[in-house]
Amino acid sequence: MGKKWIALLMSAVLVLSTVGLSGCGGNSQEKDVKDIPTTAAKKEDMDKTQTEDTQSSVEDTEYPLTITDGLGDEITFEKEPERVISLAPANTEILFALGAGDRIKGRTDYCSYPEEASEVESIGTYSEPNTELIISMEPDVVFATDYVDDSIREQIESTGAKVVVYTSKNVYVVLDLIIQMGLILNLNENAAELVDSMNTELEEIEQIVASNQEEKSVFVDLGSFYSVGPGALLYDMLDQIGVTNITADTETAYPQLSVESIIEKNPDVYISLYSSPDELKQTAGLDELDCIKNNNIIFFEALSQEADIIQRPSPRVVEGIRLLAEKIYPDLF
Amino acid sequence: MSGKILEFSHVAAGYGDREILKDITLSIHEGEFTGLIGSNGTGKSTLIKCISGLLPLNRGNISICGKENATLKSRERAQLVAVVPQSYHVEYDFTVEDIVMMGRNPYLGFRKRESQEDYDIVSEAMKATNTEVFRGRFYNELSGGERQRVILARAIAQKPRIILLDEPTSALDIYHQMEVMELITKLNQKEHMTVLAVLHDINMASRFCQRIVMLQEGTVFMDGTPQEVINRRNMEALYHMKLMIRESPLFHKPEIVPIRVMEQEKIEVPRHIHIICGAAEAVNLIEELDARGCTVTAGVLDKQSEDWKICHQLGIPCVDIEPFTSVTEEKQAKNLELMKDADMIVVANVPFGEGNIQNLHGLEFTCGKIYIHKNALCDDYTDGKLAKRVKDIEKRKEITYFENDREFLDLLKQTERQ
Amino acid sequence: MKKIDRKWAIPLSIAICLIIMYICTVTGVASISFRDANRILLHEIFHLNVDLEGISNGSITIIRNVRLPRVVLGFLAGASLAVCGCGFQGIFKNPMADPFVLGVSSGAALGASIGIVLHFDSRLLGMSGTTVLAFAGAFLTILLVYNISKVGKKVPVSTLLLSGIAVSQTLSAAMSVIMIMNKQSMDQIMFWTMGSLNGKGWNQILTVLPYSLLGILLLFTTCRELDIMLTGEDTAIQLGVNVEFLKKKVLFAATVITAAVISVTGIIGFVGLVVPHIVRMITGPKHRTLMPLSLIFGGTFLIICDTAARSLAVWEIPVGIITSLCGGPFFIYLLSRMKKGGNFS
């Protein structure tokens, strides 16, 4: 029994790091994760990095190119990669947005956007892809997330393919990785345009939200009261629109809160990605919560497009932020 | 005594395809103390299992107190029959009193908790088995004999009509064996409890049981009093070994003396050896020579002497006389007739007196070689007649002396090689 | 070792249990003052006319609808699992048996996985679809195990254990398949299997209570016969115990209890294994003392673990992890201390 539970504990940590399907930053590997060095994640630095990126991105990429990925590994590309495999729905979205859709030879079962993605052959799931299939596709580069097993990564790398691992803890990391993927694929111009438009959109949302007087607090329920905390993408997205998250003091990316502390923190809005409002209303204790009683529940059904855009570190992340802002502050829009 | 309390009719049972009990028909009467004997694997314990409901019958039926056993609920059966197995280990710390109280289980239910009456019965059972001194101790901490008494107390607390014992003494030393058997006998005599006991020890069975049932290959081979069942023929059929049955002088019950299982190395040229003996010293020599395939004769023996008994058991031809009478010339003539063609004549370690000096008469005229145990000449109760007699023989024949039986057997081997 | 007397052990442990229940009710992450907590308790439990002026509605809700039901459900679940453990250890004559040994947990987990994947919104008799399916899964598993192990009219204990393991493994594999095929539900299934009392209220207590009571009462009727079972199955038959019926009774009662409890709380391990064991070390093997004391200690143990689960950090720790973390090492310590005796009690 003991071993079983230790194993469970370990798998719990593992699962927590995979919550949200979209390859958010994993807390289990937090130590190793370095921000992508080309730019800084802080908002204040954005303008500076922006200009740098824009300048460099207009030109063609010079190979050999050495980049540092989300795990801090240095990877050198000798030539422009032609054959690409995406091991995450968000990576697939970015590739299509960069105009590299035709280079994608493999994708995961969950790559549901854009529609063209479904025409690409699937190589399995993001954590347990079919290694044989991947190798048989002879990719030049594989864009993965940090919950691909090291042994799988090494196997793929041994065939000469490059594996670039991304961990997206916040919105700016997403912007950075778009730039970096553009650099790798020699699609710098497209990347710059994409990031520009995303930045414009972000600024627009920022301006709208800036006029907001009433700061609201939220609780995000991923199911069984598991939530997002500092270090999770969704947490950062809510932060971007000035929403207080009641998990702020947990210092954990994916904490489970007790009903008791939810009641005590008394959030203004309850965001549920799993339980339906009806189920929440029947949960002991929660039924007394003001936001539940007043129907301040935002429910994103699992696997819906809405649930995807607020969770995936993809170019649509800004749409996600807008969606959240609209739902939380309907009066502003 | 009164009626049949336990009846088996054409009982067959076994494990899987292997049928152990083939056809058992037997009735046990109330108040009887019956011993169940038989060699290993003949189904004694299986029979106990059938009675106590652990093993279903393939054929036939068992009735207990007139009730069909198969239809009895285990609760009802436990009120009639108690089983005392070999003392066993319990992996949990139950006190002696807890264990004995378990005997009251057939009379209790969820609603009916242990009453004062039950506690009294338990106390009595412990008193009867001398276990009340350690009623509060843990069963596991007791010695084998003590545990066996506790198990017996538990059986008594069941207030059964019949007690079944499955080798109750096999793991115990003789003190505790006796203690348990005496307790059971007391139970049988004072409480008129019917007892059916599987016993390994034939002498124990013979001594304590009124009736002995012998099983052989899944059927009842013999059934009767110890005197009827325990005889050489039955016992040899049972154990396929050389043994001797004699009456225990203390209890007047037949007693088994196991002799040997492995065959003795045979002598290549069997010889006729005549042994002059008559007390108890030649038993070993007679048996050994017989086992090695020699033709043995003996004489002149006192009836009921040990030497005589072994000859009798082994069917060795001998000349005998009534105890405490003297060897007559007529008897000695018969003796000489017996040793006429003997290759060897051995004078065993026997004290000579006026009564048996006649035994040495005429030895010088036989054709066999003469061997004399040295000790036979040490004790001379004949005022020198013995020494004279030996000298007379020596005049005509060579005498070889030997110190013990082993030496004689060596001599025998030597003569063989020549 | 001197065993503790039943006469005062039970009242004493009830008293300890009540004190711990009280302490656990006033403990938690939410900062509710001791005085306020007491006032709310007096008002809610004894219906005294206590003035609740100045206490926030949230505090009242937390005590009344969150902590109290959690404490009560914790007691109910812990007590039920511990009594089941006693029963199983009795009929299996094996101190390492626990309520999940025959695969109840795997069955329940499989049922729950199906419920989570299908994400039933409908409610049957006030229970969620997941709960109903977990209960059904648990029950069907034991039915399957029982029928596989049946040899004629008898159910040998060893066969029962083996088929329990086999069925349990198969069902676990089936659950893994469901998890892999429905990645989006994987986390939910994992959370479920880790067991938690978080978000459980009076409704869930009412769901579990009748089954637990029925099962516990049924198990309490088997005390004397379970004692005899510990001395050997053959001996039990010879002492008038209807062994096959006893097995059925214990199996049925324990399944009803375990299925009801874990379908609501998820799998909470170790309570059913460790508590009867520890109690047996203190009181001896007689079930008449062992069962009620295991009930009380099992309940108390889970209340303490659950309070730790919700109070140790600002976030929740799955209670199953706490029970294992506390229970495991304590159990190892006890085993090493008792090893010299060589007995299981």
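The model is predicted: local features need pLDDT of at least 70, side-chain atom pairs count only at pLDDT 80 or more, and totals for chains, interfaces and linings use all residues. Residues are numbered from 1 along each chain as its sequence is written, while chains are lettered from A and ligands numbered from 1 in the order in which they are written. Two pairs of chains touch, and chains A and C make the most contacts. Residues are in contact if their C-beta atoms, placed from the backbone, lie within 7 Å.

**Terms for elements and classes**

- Helices (H or I, at least four residues) and strands (E, at least two) are DSSP runs, numbered from the N terminus.
- Ala, Val, Leu, Ile, Met, Phe, Trp, Tyr, Cys and Pro count as nonpolar; Asp, Glu, Lys and Arg count as charged; the others, Gly among them, count as polar.

**Chain A with chain C**

- This contact takes 39 residues from chain A and 38 residues from chain C.
- On the chain A side, helix H1 (2-16), helix H9 (259-265) and helix H10 (277-281) of chain A are the elements that give two or more residues.
- H1(A) has the largest share of that side, eight residues.
- The side of chain A that touches chain C has 18 nonpolar, 14 polar and seven charged residues.

**Chain C with chain B**

- Here 19 residues come from chain C and 21 residues from chain B.
- Helix H9 (223-230) and helix H10 (233-238) of chain C are the elements that give two or more residues to the chain C side.
- H9(C) gives the most to that side, with four residues.
- The side of chain C that touches chain B has seven nonpolar, eight polar and four charged residues.
- Chain A and chain B do not touch, and their nearest C-alpha atoms are 23 Å apart.

**Domains**

- Domain bounds come from an automatic or database domain assignment.
- In chain A the assignment gives domain 1 (29-205) and domain 2 (211-332).
- 17 residues of domain 1 of chain A are in contact with 17 residues of domain 2 of chain A.
- On the domain 1 side, helix H3 (89-97), helix H6 (171-184) and helix H7 (188-210) of chain A each supply at least two residues.
- That side of domain 1 of chain A has 12 nonpolar, two polar and three charged residues.
- In chain B the assignment gives domain 1 (4-258) and domain 2 (272-417).
- The C-alpha centres of these two domains of chain B lie 49 Å apart.

**A helix pair in chain C**

- Helix H3 (residues 57-91) and helix H11 (residues 243-265) of chain C pack at an angle of about 150 degrees, with their axes 9 Å apart.
- Axes are lines fitted to C-alpha atoms, for helices over the stretch in contact, and angles run from 0 to 180 degrees between N-to-C directions.
- H3(C) and H11(C) are therefore roughly antiparallel to each other (a label for angles over 145 degrees).
- Residues that make the contact include C:Leu81 and C:Phe88 of H3(C), and C:Val250 and C:Ile257 of H11(C).
- The contact of H3(C) with H11(C) has 11 nonpolar, five polar and one charged residues.

**A sheet in chain A**

- Four strands of chain A form an open sheet in the order S8-S7-S9-S10, with parallel pairing (strands pair if DSSP finds at least two bridges between them).
- Strand S8 (244-245) and strand S10 (297-299) of chain A stand at the edges, each with a single partner strand, so one side of each is left without a neighbour in the sheet.
- Strand S9 (residues 269-272) of chain A runs parallel to S10(A), and three bridges join them.
- A:Ile271 stands opposite A:Ile298 in S10(A).

Key
Parallel < 35°, antiparallel > 145°, perpendicular 65-115°, else oblique.
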